[in-house]
Structure formats: structure tokens, C-alpha cells
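Reader: I would like to learn how to read surface and core features from a model. Please take them in turn.

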Amino acid sequence: MVDTIVIGKKNNFGLTRDSDLLVRAMQAENVCGNIRKVHPRDRYFVDRLLHRRWADTAVHIERAFPAWFSAARRHILIPNQERFPHRHLGRLKSIDLVLCKSRYAMAVFQKLGVATEYLGFTSEDRLDSSIDKDWDGIFHLAGGSTLKGTEDLLALWIRHPKWPVLHLVQKEALAPKSVPPNVDLITRHVPDGELKEMQNRYGVHLCPSRGEGWGHHIVEGMSTGALILSIDAPPMNEHLNASTGLLVPYSRIQSRHLGTCYFADLAVLEAQIAGALTMSVEEKARFSRAARLSFERIDREFCERVNRIFGSLR
């Protein structure tokens, strides 16, 4: 038996990062004793049948997993509201505390009458200061998500064949069958070192996400000091403001589970990208410094809250 188990799926994208970053912060702050990461399927039938206790505290990542309700005395949920389905609302009765990554998520779960507290979150620090920034390099990390606004960017790059190359990293199963000549589509597995080089090399990161639980590609971009473009909607605009990045208004919304998807105003998105392409290096560098400082604050405050919240549970 351990002190804390962290239950989360391993998808080699955001969910994997969530578990790793949370455990790393807990260990660094020395607030949760022995910690073990487990997959939702690691709880065997005989464990459930006999109500075998695995830990004092169980932390559920993204969704609540009923198979683990008998495995711990206390249950904490760190949800992604846009991926928490209405059919799972009954599971919240077994959750003692919902820790929210964003103020937006906190408002969503408070309305459901469950105990909530603001945790915030962090992302991996991807800065490599030895890599020279190419301020003309345009980067879009879609990964394995369908909510990154990739279709909007591709439509604009088709409309503007003279725009610089858009470097697009996307899971092959989700990638379009064809792209315009000025799009460099990368669907193969990209080793972490190569991805980190891209994140640092390319100075402009386009992140017009329609919805995020946290937004690792945005916050990682901030850590590298990139010029970030995103949507002026929560939780994306909790990371960025007018001094740390470029924000695009949304033109329509669509419900998704407990969250909302925000669709970019394409005319403004087009204008903002055009503006970023002609922006001076000095102006981009100003955004770069502000984004990096904002990342450092986000990371520092997350660790402080991990210390306070989890420390109080011991």
C-alpha cells in the first residue's frame, strides 16, 4: 500500500503529461509520501470484489474511475471539462474534492454542487536557449487532438499560397490526405528531442484551440519564448493576454460535454496571422520575454498550490 495513487490514461499526449507533471510536483514539494501511477485498467476484478485498499488518497486524472473507488479512503478529481461527459455526473458523488486547472473549470464544477478548489497546472519547461529562434518560422502542434483549430489554419494557408511554410505536426490518423505546397505536414512519430528543437526553433506558434482542459502546447510554447496566437476564450485566455500573446475572438460556440468549444473568427484569425508575419523582430522579442515570465509565474504558483492543498491533506 502507498500513500497516493494517480490514476490516468497513457496516451503519449496531454494525459500522459498531466500525470507525470503532477507526480513530479508532488515529489518535489514532498507532500504526498509514496506515490504510484496506475492505469484505469490496473484495478483487477478481484481487487474490486474484495475492496482491496491500495492507498490513502486516489487522484483521478480527467475522469473519475469507479473501479478505483474502493481502493482509497479519499478521492480527488482533476478534470478536463470538455472531456467529462454528462453520463459520468453520478460519479462525482464518490469524489471528495475537485481540483480545477482553470478558473473556467472551477465555475463549471461549482455549479454542480461539488467541493472544488483552484489548483491551476503547469507544463514542461521546453526552453533550450542554445537554439537560435527563427522568427519567420510558423509552427502548429496538433498532435492527437481534433480541437486544435487545424482545419482553420489549413484553409487560410490554401487561401494564401505566398505565406511562409506552416510546419504542422499531427497524428497520422487525424491528418488530411493532402495539404497545400506551403504546409510541411509531419505525421511520423517525432522523437521528443526533435519536437523540442522545433518548439524552440520556430518563433511563431499558432494555437487556435477550440477547447482545452489545460493547453500544454500553448504553455510549452510560452516556456520557449515563442510568439503565441490563441483564441480569446477560456481557458486559453487564462494563459495569454494582450501583453503575452495574440488573441483572436470567437464567432460561434458549441457545447462539448461539460465544456464549450469556441470557433475562431476566421477574418480576424487571418488578419492576426498576417500581422504576425510582418511584425518586427523587436516586437516579437517583447512578446517572447513576457510569455516566458508568465510561464515561470504559472509554474511557480502551481507548485505553491500543490504544496498547500496536498500538504493540508496529510
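Reader: In which helix is Leu49 placed?

Author: Leu49 sits in helix H2 (residues 45-50); helices (H or I, at least four residues) and strands (E, at least two) are DSSP runs, numbered from the N terminus. This is a predicted model, in which local features need pLDDT of at least 70 and side-chain atom pairs count only at pLDDT 80 or more, while totals for chains, interfaces and linings use all residues. Residues are numbered from 1 along each chain as its sequence is written, and side-chain values use heavy atoms, with hydrogens and water left out.

Reader: Is Leu49 buried or exposed?

Author: Buried means under 20% relative accessible area, exposed over 50%, and partly exposed in between (1.4 Å probe, protein chains only). Leu49 has 53% relative accessibility and so counts as exposed. Together with Tyr44, Phe45, Val46 and Leu50, Leu49 makes a nonpolar surface patch of about 550 Å². Such patches take residues with over 30% relative accessible area and no salt bridge, nonpolar side chains being joined within 5 Å.

Reader: Which residues touch the most other members of the largest nonpolar core?

Author: In soluble globular proteins, nonpolar side chains tend to be buried together. A nonpolar core is a set of buried Ala, Val, Leu, Ile, Met, Phe, Trp, Tyr and Cys residues joined through side-chain atoms within 4.5 Å. Here the largest has 78 residues, and Leu22, Met26, Val59, Trp157, Leu206, Ile273 and Phe310 touch the most other members. Helix H9 (residues 281-311) supplies the largest share of this core, nine residues.

Reader: Why is helix H6 described as largely enclosed?

Author: Eight of the eight residues of H6 (residues 216-223) are buried, so the rest of the structure largely encloses this helix. Among them are His216, Glu220 and Ser223. Just after H6, Gly225 takes a positive phi of about 75°.

Reader: How many salt bridges does the structure hold?

Author: Side chains of opposite charge can pair when their charged atoms come close. The criterion is a side-chain nitrogen of Lys or Arg within 4 Å of a carboxyl oxygen of Asp or Glu. The structure holds 21 salt bridges. One of them pairs Asp20 with Lys37, the closest N and O atoms being 2.4 Å apart. This pair links distant parts of the chain, with Asp20 in helix H1 (residues 14-29) and Lys37 in strand S2 (residues 35-38), 17 residues apart. Asp20 is partly exposed at 28%, and Lys37 is partly exposed at 42%.

Key:
Patch = residues over 30% accessible without salt bridge, like charges linked within 9 Å, V, L, I, M, F, W, Y side chains within 5 Å. Areas by Shrake-Rupley, 256 points an atom, 1.4 Å probe, with all protein chains shown as cover.
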